[in-house]
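Open the model in your viewer and keep the selection tool ready. The tour goes stop by stop, with what to select and what is there.

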Amino acid sequence: MKRRELITLLGGAAAVAWPLAARAQQTDRIRRIGVFMNLAADDPEGQARNTAFVQALQQLGWTEGRNARIDTRWGTDAGSTRKYAAELVALAPTSSWPLRAQRRARCNR
């Protein structure tokens with residue numbers, strides 16, 4: 001075998017094996033997601049929104065405990081909002097999501 005053929009063969013093998021080795025060395029880092037809900041923890045609308053959010057994340061490939069950790073805080077007044085927002089910031093999440101309940105005002109005329 002000539003030297004050029006050997007180098008081409010080794011280079012081709014390295015090019016094929018390199019992506020596999022690179023993928024194998026990567027560890028799945030758990031991403032931390034901070035969620036703040038401006039509702040009470042037992043509010044049915046808040047629970048429904050939280051469930052929908054978690055399901056949407058799962059459809060995108062994020063599973064709590066496997067590659068994501070979701071820290072949810074609930075607050076309804078200014079004091080609890082400040083307290084829980086500070087808690088979420090202190091946890092240093094990878095991403096933060098304010099899930100707001102938007103209620104429609106209905107006018108009876």
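Select aspartate 71. It is buried, with a relative accessible area of 7%; buried means under 20%, exposed over 50% and partly exposed in between, using a 1.4 Å probe and protein chains only. This is a predicted model, in which local features need pLDDT of at least 70, side-chain atom pairs count only at pLDDT 80 or more, and totals for chains, interfaces and linings use all residues. Residues are numbered from 1 along each chain as its sequence is written, and side-chain values use heavy atoms, with hydrogens and water left out.

Colour strand β2, residues 68-74, which holds aspartate 71. Helices (H or I, at least four residues) and strands (E, at least two) are DSSP runs, numbered from the N terminus. Now show the contacts of aspartate 71, meaning heavy atoms within 4.5 Å. Leaving out residues up to four places away in sequence, aspartate 71 touches Arg32, Ile33, Gly34, Val35, Leu88 and Leu91.

Next, the charges. A salt bridge here is a side-chain nitrogen of Lys or Arg within 4 Å of a carboxyl oxygen of Asp or Glu. The structure holds four. Pick arginine 32: its side chain meets that of aspartate 71 in a salt bridge, at 2.6 Å, N to O. Arginine 32 lies in strand β1 and aspartate 71 in strand β2, so this pair ties together parts 39 residues apart in sequence.

Arginine 69 is partly exposed, with a relative accessible area of 44%. Keep Arg32, Arg69 and Asp71 selected together: salt bridges link them in a network.

Which residue forms a salt bridge with arginine 73? Select glutamate 87; the closest N and O atoms of the pair are 2.8 Å apart. Glutamate 87 lies in helix α3 and arginine 73 in strand β2, so the pair ties together parts 14 residues apart in sequence. Glutamate 87 is partly exposed, at 29% relative accessible area.

Move to the nonpolar core. Such a core is a set of buried Ala, Val, Leu, Ile, Met, Phe, Trp, Tyr and Cys residues joined through side-chain atoms within 4.5 Å. Select Ile33, Val35, Met37, Phe53, Leu57, Ala68, Ile70 and Trp74: these eight residues make up the largest one. β1 (31-37), α2 (44-59) and β2 each give two or more residues to this core.

Last stop: alanine 92. Just after α3, alanine 92 takes a positive phi of about 50°.
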